[in-house]
Amino acid sequence: MKIWNVLLLSLTPFYVFAQNNLGPRLTAMGNNGAAVTDVWSLQANPSGITSLDKPTVSLNYIKHLFSNEISTQALVAVVPVKNNFFGASFQRYGFSEYHESKSGLAYAKKFGNKLSFALNGNYHQLKIANYGSSTGFSVDVGGLYQFNNEFTFGVSVSNLSRQKFNSTTVFIEIPTSFNVGAGYLVSNKVIIATTVNKTLNRPIDVGLGIDYKIIDLFSLRGGLSARPFKQYAGFGL
């Protein structure tokens with residue numbers, strides 16, 4: 001079965017989507033991170049890291065329910081220096097015969113209390129058993145504008161220059177996606193977020209997510225996406 005999976009990957013042109021790991025909070029909110037500030041914004045809209053006021057590191061490990069071999073490991077770190085923010089990220093996904101990884105370095109700057117911009121450079125690596133490895137580079141950009149204390153608007157573009165892996169054996173593209181989102185702070189306990197996503201060669205997807213802080217140490221989260229239709233749920237301590 002593993003050999004067949006690798007062969008299928010090798011003969012079919014496809015996009016790499018497993019890299020889109022947004023951490024436990026944003027994932028539980030349906031991946032609606034275009035206008036939500038979080039350390040994992042590095043993977044959604046890097047300008048969202050400008051809300052952090054101290055150095056932050058987060059680890060994420062996923063063991064997939066339907067496979068004992070497939071797993072995802074991820075790490076993000078952000079260091080703020082006044083109105084400048086420096087971020088680093090790493091993600092790895094796959095199994096013994098196939099795995100992909102992405103390392104990134106980001107810089108974000110805050111202009112006053114409302115506007116933020118960010119740039120994120122990524123190094124991609126792909127390895128397939130018996131086919132060797134391939135590498136690629138991509139650049140992400142993002143912007144965030146806070147209209148007031150309640151409403152935030154965000155825009156991001158992943159792989160702006162539409163780069164591809166340099167392999168001539170396996171045709172795999174690094175996905176280029178456009179995200180526009182809004183976040184609404186209903187109260188100091190409830191955040192509602194929505195995102196419109198367009199990935200090239202795929203239909204437009206619309207999502208909605210919510211984070212409800214029941215008490216200071218406990219939050220419930222949920223989300224929906226339209227295409228494909230999916231439901232998400234989680235909690236945080």
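Predicted model: local features only at pLDDT ≥ 70, side-chain atom pairs only at ≥ 80, totals over all residues.

**Entry 1: N159.** I began with N159, which is buried, with a relative accessible area of 1%; the cut-off for buried is under 20%. N159 sits in the loop between β8 (151–158) and β9 (172–173). I then looked up its backbone: phi of N159 is near 55°, a positive value in a residue other than glycine. I jotted down the background for that: most residues other than glycine have a negative phi.

Entry 2: N201 is not a glycine either, and its phi is positive, about 70°. Is N201 buried or exposed? With a relative accessible area of 62%, N201 is exposed, whereas N159 is buried at 1%.

I stayed in that loop for R202, which also lies between β11 and β12. R202 has 36% relative accessibility, so it counts as partly exposed, since that class runs between the 20% and 50% limits. I also checked a distance across the chain: R202 and S41 are 161 residues apart in sequence, and their C-alpha atoms are 23 Å apart in space.

**Entry 3: G207.** I moved on into strand β12 (residues 205–215), where G207 is found. G207 has 8% relative accessibility and so counts as buried. What does G207 touch, leaving out residues up to four places away in sequence? My list reads N32, A193, T194, T195, L224 and S225.

**Entry 4: the R227–P228 bond.** I went looking at omega angles and stopped at R227 and P228, which are joined by a cis peptide bond with omega of about 0°. My background note here is that most peptide bonds are trans. P228 has its place in the loop between β13 (218–225) and β14 (230–236).

**Entry 5: G132.** I looked up G132 next and found it in strand β7 (residues 132–146). G132 is partly exposed, with a relative accessible area of 42%. Not counting residues up to four places away in sequence, G132 touches L126 and K127. I also took the distance to S167, which is 35 residues from G132 along the chain; their C-alpha atoms are separated by 9.1 Å.

**Entry 6: the nonpolar cores.** Which residues of the largest nonpolar core touch the most other members? In this core of 18 residues, they are L26, V39, W40, L42, I49 and V78. The elements giving two or more residues to this core are β3 (71–81) and β5 (98–111). The largest share, three residues, comes from β3.

I followed V78 further. Leaving aside neighbours within four places in sequence, V78 is in contact with V39, L42, I49, L52, K54, P55, T56, F86 and G87. I then wrote down a second, separate core, this one of nine residues, with I70, Y98, I128 and F165 among them.

**Entry 7: L52.** L52 was on the V78 list, so I followed it up, with the 4.5 Å contact limit in mind. L52 is found in the loop between α2 (23–28) and β2 (56–63). At 17% relative accessibility, L52 counts as buried, because the limit is 20%. Beyond residues up to four places away in sequence, L52 touches V39, V78, P80 and F85. L52 and P80 are 28 residues apart in sequence, and I noted 6.9 Å between their C-alpha atoms.

**Entry 8: the whole chain.** I zoomed out at the end. The protein chain has two helices and 14 strands. Its radius of gyration is 18 Å, close to the 18 Å that the globule rule gives for 237 residues, so the chain is as compact as a globular protein of that length. Along the principal axes, the C-alpha atoms fill a box of roughly 55 × 35 × 30 Å.

How many of the 237 residues are buried? I noted 45%. Among contacts with a separation of 6 or more, 42% come from residues 24 or more positions apart.

The chain has 20 positive and 11 negative charges, and their mean positions are 3 Å apart.

Definitions and conventions: Residues numbered from 1 in each chain as written. Heavy atoms only, no water. Helix = DSSP H or I, 4+ residues; strand = E, 2+ residues; numbered from the N terminus. Rg over C-alpha atoms; globule rule 2.2 N^0.38 Å. Buried < 20%, exposed > 50% of the residue type's maximum accessible area, 1.4 Å probe, protein only. Lys, Arg positive; Asp, Glu negative; His and termini not counted. Charge placed at Lys NZ, Arg CZ, Asp CG, Glu CD. Core = buried A, V, L, I, M, F, W, Y, C linked by side-chain atoms within 4.5 Å.
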